[in-house]
Amino acid sequence: MDKIKKAAIYIRVSTLDQARDGYSLTTQETTLRKWCADHGYIVYDLYADRGISGKDIDHRPDMIRLMRDAKEGKFNIVIFWALSRFTRSVQDLYATMEKFQRWDISMVSYTESFDTSTPMGRAMIGIVGVFAQLERELTGERVSASMQARAEKGKRTCNEILGYDLKGKDSFIINEKEAEYVRFCFDAYLKYKSLTEVAKLCSKNGYRGKRGKKPNAWTVSVILTRPQYCGYNTFHGQIYKGDFTPIITVEIYNRAQRLLMRQGKCVGRTRQMPLLTIK
């Protein structure tokens with residue numbers, strides 16, 4: 001008796017992919033289900049990751065579920081729209097191919113017309129994988145260059161920060177209620193010289209973060225180390241003058257940084273990110 005042919009359909013799309021390429025999940029699913037029917041495959045299950053990057057497979061819930069079912073031999077083939085939908089990491093691609101070969105499972109890319117059931121297909125999918133990763137890395141470089149250009153022009157480099165609301169796509173406008181919280185943190189820290197004490201005072205006065213989080217020593221330290229509050233943006237550890245109204249003066253900001261540095265040395269604290277002062 002012939003072995004029953006079962007297929008797993010994997011689809012993935014991010015918001016950017018859908019807007020740019022039109023690869024909606026519905027389009028992918030409809031097309032791939034038809035491919036399975038035309039080739040005599042029963043669809044074992046549909047695996048779909050929505051709005052998730054193709055950088056790696058470790059953080060995609062349905063990809064993880066697919067790999068688990070593959071190991072248990074629940075299907076013979078995995079069909080996907082394009083290799084970029086499956087993974088853009090060459091390392092992940094080769095590791096997955098090796099596992100699928102061990103489990104006797106083939107991979108088919110619908111739009112690229114190759115599969116791993118043949119030696120040529122395995123070679124071609126490896127070549128395409130290299131270019132998929134190259135595209136991802138080049139895109140990352142372009143985004144980084146664009147963000148640096150924004151910073152150099154005084155445009156904002158973050159999308160959310162306590163004390164400000166967004167003003168268009170490039171700047172901030174002060175949120176007075178939140179700005180009061182920010183000013184209090186700087187004033188209280190310079191007076192009491194204790195993050196824990198400042199956090200207690202903030203809680204007592206009813207201050208809350210942008211999403212309602214209660215103050216603690218760590219959140220106070222985050223506020224104190226953001227140069228945006230004295231009118232500067234940051235990108236990759238560098239400071240750039242911003243085109244928006246500051247909440248505190250550069251002098252107050254620098255005093256807080258120097259105090260944080262002195263206290264860090266006193267308690268032997270090693271910071272993951274260096275403190276930045278404005279010159």
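Angles under 35 degrees count as roughly parallel, over 145 as roughly antiparallel, 65 to 115 as roughly perpendicular, and the rest as oblique. This briefing describes a predicted model, in which local features need pLDDT of at least 70 and side-chain atom pairs count only at pLDDT 80 or more, while totals for chains, interfaces and linings use all residues. Residues are numbered from 1 along each chain as its sequence is written, and side-chain values use heavy atoms, with hydrogens and water left out.

**Overall architecture**

- The protein contains 10 helices and nine strands, taken as DSSP runs numbered from the N terminus (helices: H or I, at least four residues; strands: E, at least two).
- Of its 279 residues, 42% count as buried, that is, under 20% relative accessible area with a 1.4 Å probe and protein chains only.
- Among contacts (heavy atoms within 4.5 Å) with a separation of 6 or more, 61% join residues 24 or more positions apart.

**Nonpolar cores**

- A nonpolar core is a set of buried Ala, Val, Leu, Ile, Met, Phe, Trp, Tyr and Cys residues joined through side-chain atoms within 4.5 Å.
- The largest such core has 33 residues, and C185, F186, I223, L224 and Y229 touch the most other members.
- At least two residues of this core come from each of α7 (176-192), α8 (195-204), α9 (217-224) and α10 (250-267).
- The largest share, eight residues, is supplied by α7.
- A second, separate core of 18 residues includes A8, Y10, A70 and F75.
- Beyond its neighbours within four places in sequence, Y229 contacts I161, L162, Y164, V182, F186, I223, P246, I247 and I248.

**Helices α7 and α9**

- The axes of these helices, lines fitted to C-alpha atoms over the stretch in contact, with angles running from 0 to 180 degrees between N-to-C directions, come within 10 Å and cross at roughly 100°.
- Helices α7 and α9 are therefore roughly perpendicular to each other.
- On the α7 side, Y181, V182, C185, F186 and Y189 meet T219, V220, I223 and L224 of α9.
- By class, this contact has eight nonpolar, one polar and no charged residues; Ala, Val, Leu, Ile, Met, Phe, Trp, Tyr, Cys and Pro count as nonpolar, Asp, Glu, Lys and Arg as charged, and the others, Gly among them, as polar.
- In α9, the buried residues are T219, V220, S221, I223 and L224.
- At the start of α9, a side-chain oxygen of N216 comes to within 3.0 Å of the backbone nitrogen of W218.

- S171 belongs to strand β7 (residues 171-174) and counts as buried at 12% relative accessibility.
- The side chain of S171 reaches the backbone oxygen of D243 at 3.0 Å.
- Not counting residues up to four places away in sequence, S171 touches R156, D165, L166, D243 and F244.
- Q228 lies in the loop between α9 and β8 (232-235) and is buried, with a relative accessible area of 6%.
- Leaving aside neighbours within four places in sequence, Q228 is in contact with C158, I161, Y164, N233, T234 and F244.

Note on methods:
Buried means under 20% relative accessible area, exposed over 50%, partly exposed in between (1.4 Å probe, protein chains only). A polar contact is a pair of N or O atoms within 3.5 Å; within protein, one must be able to donate a hydrogen and the other to accept it, and residues adjacent in sequence count only if both atoms are side-chain atoms.
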